[in-house]
Structures are given as C-alpha cells and as structure tokens.
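Please keep the structure in view while reading.

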Amino acid sequence: MKNAFRILAVVAALALVLGTLAACTKAAEAPVATEAPVATEAPVATEAPAAAPEVASLDRAELKIPDQYTKAKIFTGTYGFGEAEITAAMTEDESAFYITYVSFDEDQILEGTVKDGICLVTYDATGFMAGDCQLIYDDALTSTNPWQPLA
C-alpha cells in the first residue's frame, strides 16, 4: 500500500512538472505584433505634387509620457503575458524609451536607454516585465504605425 501512494505521488509530481514545462514553452513563443489601423486621408487631386500627409500629434498629458520624450506610437502586440496595446515613446535621438501597457490588470511602465539597439531597463513599475522589454522595443521599431510627435 505504501508503494501505491509513492507511485501516485511520483505521478502527480511528474504531471505538475510536465504542465509547467508546457506553460513555459508556450510563453516562450516569439511575439507576433499586429497593427492598429491608422486613419489616413484620401489624396486630393491638384496640379501641384501632393504634400506628405501631416501626422497627427499624440496628447502627452493623456498618455502620461514624461517631457523628455518627443515622439510615440501605439500598436498591439502579443507576448508571453498575452496581447496588449502598447504605447512606446522615444527621445528625438532614440537613445531612451518609455513603454506603457496594461498586463495582469496593472499599468506596466518600462523606462530605460538604448545602446546599439539593446534596451537597458532603468525602471520597471511592477518589477517583473523587464524581460519583455527588448521584444516590445523591437516591435515598436518594426511596427508600420508611424511615430507621432507628442504635444
């Protein structure tokens, strides 16, 4: 009888380990970024060449982005923590970033610097999202949504 309980305990522990491995494997899948639609105006026929469409400004106060960041973009991405609408802001020289999104029902804020395309997180509001920063930053750079000035 003791052996039967030991076998059950081993089987239960093995099932727990396999379940954890499966969850980790799923969480480690590469992110897939999707874009939110960007409104554009139809070109107007004129004799002069059409000027490039003006990019609307984003409201710095509404997005709660600090003053040193001059441009931002909003896009949707899927990561190990799930899908999120990301707001990424950069300094004019793109040497620093400020990223916000909601995950696990909490506002997530990542802030830091960039050197040779590598993110160095200097602030992580919740303390457990810095590991996702490089993927989010890379998606911000490759997102087809345009950078918009902050006003």
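In this predicted model, Ile136 touches Phe75, Tyr79, Phe81, Ile86, Ile99 and Tyr101, leaving aside residues up to four places away in sequence. Ile136 is also one of the residues with the most contacts inside the largest nonpolar core, together with Ile86, Phe97, Ile99 and Tyr101. That core has 18 residues. Two or more of its residues come from each of the strands β2 (71–79), β3 (82–90), β4 (96–103) and β5 (106–115), and from the helix α3 (133–142). Apart from this core lies another, of eight residues, including Leu58, Tyr69, Ala96 and Tyr98.

The protein has three helices and seven strands, and along the sequence they follow the pattern α-β-α-β-β-β-β-β-α-β. Of its 151 residues, 29% count as buried. Among contacts with a separation of 6 or more, 44% join residues 24 or more positions apart.

How many disulfides does the structure hold? The number is zero. Cys119 is in no disulfide, and the nearest cysteine sulfur to it is that of Cys133. The two sulfurs are 4.1 Å apart, which is too far for a bond, because a disulfide needs the sulfur atoms within 2.5 Å. Both residues count as buried, because their relative accessible areas, listed below, are under 20%.

| Cys119 | 14% | Cys133, 4.1 Å |

The remaining topic is empty space. Rolling a probe the size of a water molecule over the atoms shows where empty space is left. The second largest pocket holds about 280 Å³ of space. Which element gives the most to its lining? Strand β4 does, with four residues. The helix α2 (60–63) and the strands β3, β4 and β5 each supply at least two lining residues. By class, five of the lining residues are nonpolar, three are polar and four are charged.

Two of the lining residues have already been named.

Note on methods. Residues numbered from 1 in each chain as written. Predicted model: local features only at pLDDT ≥ 70, side-chain atom pairs only at ≥ 80, totals over all residues. Heavy atoms only, no water. Buried < 20%, exposed > 50% of the residue type's maximum accessible area, 1.4 Å probe, protein only. Core = buried A, V, L, I, M, F, W, Y, C linked by side-chain atoms within 4.5 Å. Contact = heavy atoms within 4.5 Å. 1 Å grid on protein atoms, 1.4 Å probe; cavity = no way out; pocket = protein on both sides within 12 Å on 5 of 7 lines; lining within 4 Å. Points joined across faces, edges and corners; volume = space filled by probe spheres on them. Nonpolar A, V, L, I, M, F, W, Y, C, P; charged D, E, K, R; others polar.
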